[in-house]
Amino acid sequence: MKQFLIAAGSIGLSFIVPVLIRKFKFFSEWRTLYAVVGIVYLGAVVVAGRVSYGAKLGFDIAGISVQPSELVKIVFVFFVASSFKKSLEFKNVVITTALAAFHVLILVASKDLGAALIIFMVYLTMLYVATRQPLYILAGLGAGSAASVVAYHLFNHVRVRVLAWKDPLAAYDNGGYQVAQSLFAIGTGGWFGMGLFQGEPMSIPVRESDFIFAAIAEELGIIFALCMTLICVSVYVMFLNIAMQLHNIFYKLVALGLGTCYIFQTFLAIGGVTKFIPSTGVTIPLVSYGGSSLFSTIIMFAIIQGLYLLREDEEEDIERKK
């Protein structure tokens with residue numbers, strides 16, 4: 001019921017967002033506001049956030065768990081897009097990179113490593129597309145690799161997840177139980193699944209959010225799960241499609257950033273469940289339980305709908321000039 005109410009409110013708001021995107025042209029001018037809002041929201045979680053599974057993820061407001069990092073991902077995309085629209089000079093790139101790194105460091109401090117990874121990859125992608133400098137990508141990947149090693153030695157729960165990824169059965173009683181149960185469920189379901197309500201998803205910890213993919217694969221089968229994954233990939237392709245068709249660099253980068261955020265979060269969620277990568281504790285957008293994730297994803301889609309309207313306006317302007 002709680003998820004339904006959040007979905008209903010989000011869909012109602014999503015009717016307004018495309019109109020705002022189309023009508024108002026000043027969203028690209030709020031670079032400082034986006035940076036301040038993102039840092040303040042994430043900082044508030046570090047100071048007063050509730051600890052969940054070893055990480056500070058959000059607050060409880062009126063019985064509803066709010067995870068600010070889900071909304072900050074959208075604000076962060078707007079910040080980077082507005083900054084790169086303003087200037088692509090080296091000085092501005094350094095300032096933007098420093099502020100982006102500060103977002104990531106705050107998330108690392110709150111041990112929300114999944115969101116930190118998403119913001120890191122979103123920034124690298126937007127940086128490369130805006131500047132077309134492979135050196136920036138190489139430097140970013142190098143810094144990210146070094147940071148991963150540091151995180152492994154600093155945070156015990158990172159070491160636990162890495163050990164569980166390497167051999168979940170050997171670490172069954174020390175963090176590997178969740179991944180092992182996930183693999184058992186996926187293997188039990190086979191190609192066509194056990195049937196709806198015929199599996200045992202209750203044996204998978206956090207099955208309704210982080211490990212929903214395993215429960216789906218067990219009851220509905222690998223083929224169904226693969227089709228669901230392909231739908232996510234096709235959504236990303238459509239995000240890229242609108243990004244390539246837009247002429248305004250700000251909105252082009254917004255579409256690219258939101259698309260990268262969506263697909264990389266999906267990759268982290270499914271990759272962690274299937275033991276392709278260590279588990280990061282993120283949700284599959286529009287599939288997993290989680291009000292903040294659902295709200296932010298629907299708003300993300302509403303923004304993309306607004307960008308489609310802007311593309312139509314751009315095409316009409318071009319036709320009129322011809």
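By class, five nonpolar, four polar and one charged residues make up the lining of the largest cavity. Here Ala, Val, Leu, Ile, Met, Phe, Trp, Tyr, Cys and Pro count as nonpolar, Asp, Glu, Lys and Arg as charged, and the others, Gly among them, as polar. The model is predicted, so local features need pLDDT of at least 70 and side-chain atom pairs count only at pLDDT 80 or more, while totals for chains, interfaces and linings use all residues. Residues are numbered from 1 along each chain as its sequence is written, and side-chain values use heavy atoms, with hydrogens and water left out.

The residues that line this largest cavity are D210, F211, L268, A269, G272, V273, S279, T280, G281 and V282. A cavity is a set of points, on a 1 Å grid over the protein atoms alone, where a 1.4 Å probe fits but cannot get out; lining residues have an atom within 4 Å of a point. The space in the largest cavity is about 50 Å³, a volume being the space filled by probe spheres set on the points. Across the whole structure, the search finds three cavities of 30 Å³ or more.

The second largest cavity has about 40 Å³. Its lining consists of E70, K73, C261, Y262, Q265, P285, S296, T297 and M300. Two or more of these residues come from each of α4 (68–86), α12 and α13 (291–321); helices (H or I, at least four residues) are DSSP runs, numbered from the N terminus. Four residues of this lining are nonpolar, three polar and two charged.

Next come the aromatic rings. The structure holds 16 aromatic pairs, where rings of Phe, Tyr and Trp (its six-membered ring) pair if their centres lie within 6.5 Å, and planes under 30 degrees apart count as stacked, over 60 as edge-to-face and the rest as tilted. F250 and Y251 make an edge-to-face pair, with 5.0 Å between centres and 70° between the planes. F250 is buried at 0% relative accessible area, and Y251 is also buried, at 6% (buried means under 20%, exposed over 50%, partly exposed in between, with a 1.4 Å probe and protein chains only). The pair F264 and F267 is tilted, at 5.8 Å centre to centre and 35° between the planes. Both residues, F264 and F267, belong to helix α12 (residues 249–273) and sit three residues apart, about one turn of the helix. F264 counts as buried at 15%, whereas F267 is partly exposed at 35%.

Ring pairs also join F24, F26, F27, W30, Y34, F78, F250 and Y251 into a cluster.

Terms used: On a 1 Å grid over the protein atoms alone, a cavity is a set of points where a 1.4 Å probe fits but cannot get out, and a pocket is an open set with protein on both sides within 12 Å along at least five of seven lines; lining residues have an atom within 4 Å of a point.
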